[in-house]
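Subject: Structure handover

Hi,

Here is the structure I promised to pass on. Please open it alongside this email.

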Amino acid sequence: MTSPIDLARQAAGFDKEQVARVQRLMRSWGLLADLALGDVLLLAPTVKDPETYVVLGNVRASTAPTLYTHDPVGDRHRSENRPLVDTAFRSGQLQTDVVTLGPHFPDGKADIVAAPFVCDGEVIGVVLRERRLSNRDLLKLEQTYLSLSDRLMQMIAEGSFPFPGKNDPQYGAPRVGDGLLVIDEERRIIFQSPNAMSALHRLGIHRNPNRSRVDELGLDDSFVRTAFAMKTSVVQEVDRRDVTVSTRCLPLLRHGEIDGGFILLRDVSELKRRDRLLVSKDATIREIHHRVKNNLQTISSLLRLQARRVQSEEGKFALAESVRRIAAIAIVHETLANDFSDDASGDDAPFEDVARPLIRLIEEGLQDPDSPIRFELQGEAGRLPLIRSMPLAVVLTELLQNVVDHAFPDHVRPEGGRVVTVAFESNDDELVVTVSDNGQGPPEDFDFADASGLGLTLVQTFVTTELNGTITMGKGNGPEGQTGTFTDLRFPKTWEDRVAGPAVD
Ligand SMILES: Nc1ncnc2c1ncn2[C@@H]1O[C@H](COP(=O)(O)OP(=O)(O)OP(=O)(O)O)[C@@H](O)[C@H]1O
Ligand SMILES: [Mg+2]
């Protein structure tokens, strides 16, 4: 299907400015259709044949049923079949008529109004308003809608609607059904719809607004004064306690002079609240990570205090190990809390940003400053969500701690210094992490599957249950030919998340 803009350019031969005028009309004509209780169409003669009109666009009312069950955009009509459109176009004057509808609408009659659509003083098309006449009498509200729609059609013919300037309705801007106040040229309210009354009640205004000005109701009426002064539509939010009402004032012009206007009101408190929630969600997640980290640090402090009172070396050591493990988890939360990159979601972060402070943590725990170990980080792991980065952080901490604890007994002093390399290799599906040192290598009879220390048991458990991955460990063959211990860990980047937490027993 061709879009209204393509049709305007191609079929009607509109230039840039004329197309912009069409776009402006189409941004504000939902209001026109709602007030018209019917359909609104824009037609223009085709370049090929000026006796043929093409429908560039249409809008249906949300307040009444449509006459168009099909999409009329692109329909073509000979001028003799649409005499009202043709007359409006040629005369540049507003035309009205009552016509009998086709066979689809037995006994149906429609009230139609055709207004010349003007751009830069030149008639370039016709805005057509079509409303099926009903057998029942119109309600007072509907009569008011229609009379406002009449006024807007008149303004279209005079070229003063759509309004110039940037006054496109914003997201959440009120529509006709939301609440309507009609005001006279002195800005006094002369009509109020039931929904408008409800919106005023919610703002705490219970007096009858009739004949009052908006400011006399105790509300800031600068949007009305601006709309009248600038002769354009103005949207403003009115706040009272925890209620927010979005208001929109449209002036009515006759021959360029203000002779009244109307105000649409909508209670947007709920909308605003949800918006605020969305904006604060990221901040909230960050804050939670921050607090979790703080809590973990508190736990570490408690364990450290406990360790000081424990007599046995074994007990002290066990507590120190726990402190380190908890610190590793805290680092993951800290990284997530501090990740402000553009694609940050609050739940994932580049794993390098976790690995770097983890390495620092291990370095700080190095006992002997005379035999330093160089830690190297290679490649990029990419962003990992918390459910992956947390177990991976624990695993990496254990592997690095093992290097510190076991790889370099005093006599092992490799040429070029003691080095451990952590390398990441990431593709779309898989992340490969290798840890290799140039130390003494695992014991002769070492079998990873049989490892019984808590460290490697944790590694094993986290890799298989939390990361759904595989791990091999043995005598080295690291990326730089390291001869010590070499660990190769790989896991898929995405797999069905389990709901349960870490399964460590
Ligand atoms: N990088 C390494 N170099 C040499 N040996 C290693 C290395 N990593 C692990 N090992 C060997 O594997 C064994 C098991 O390690 P594991 O981490 O399970 O236990 P641990 O380090 O002895 O105790 P824990 O980690 O519970 O404090 C170690 O005792 C050590 O012999
Ligand atoms: Mg260990």
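Below is what I found in it.

This is a predicted model: local features need pLDDT of at least 70, side-chain atom pairs count only at pLDDT 80 or more, and totals for chains, interfaces and linings use all residues. Residues are numbered from 1 along each chain as its sequence is written, and chains are lettered from A and ligands numbered from 1 in the order in which they are written.

Helices and strands are DSSP runs numbered from the N terminus (helices H or I, at least four residues; strands E, at least two).

Helix α6
Start with α6, residues 222-230. F223, V224, A227 and F228 are buried there. Buried means 20 or more other C-beta atoms within 10 Å of the residue's own, exposed means 12 or fewer, and partly exposed is in between, with C-beta atoms placed from the backbone. These four residues of α6 sit on the same side of the helix, because they cover an arc of only 130° around the axis. The arc is taken from the directions from the helix axis to the C-beta atoms. Their cover includes β9 (234-240), β10 (243-254) and β11 (257-267). After α6 comes K231, with a positive phi near 55°.

α8 and α10
Next, α8 (residues 313-338) and α10 (residues 386-407). Their axes come within 9 Å and cross at roughly 140°. Axes are lines fitted to C-alpha atoms, for helices over the stretch in contact, and angles run from 0 to 180 degrees between N-to-C directions. The two helices are therefore oblique to each other. Under 35 degrees counts as roughly parallel, over 145 as roughly antiparallel, 65 to 115 as roughly perpendicular, and the rest as oblique. Residues making the contact include R324, R325 and A328 of α8 and L386, S389 and M390 of α10. Contact means C-beta atoms, placed from the backbone, within 7 Å.

α10 and α11
α10 also meets α11 (residues 454-466). Here the axes come within 9 Å and cross at roughly 150°. That makes α10 roughly antiparallel to α11. Among the residues that meet are P391, V394 and V395 in α10, and G455, L458 and V459 in α11.

The loop with E186
Is E186 buried or exposed? E186 is exposed, because 11 other C-beta atoms lie within 10 Å. E186 lies in the loop between β7 (180-183) and β8 (189-192). Its C-alpha atom is separated by 8.2 Å from that of R213, 27 residues apart along the chain.

Best wishes

Notes: Contact = placed C-beta atoms within 7 Å.
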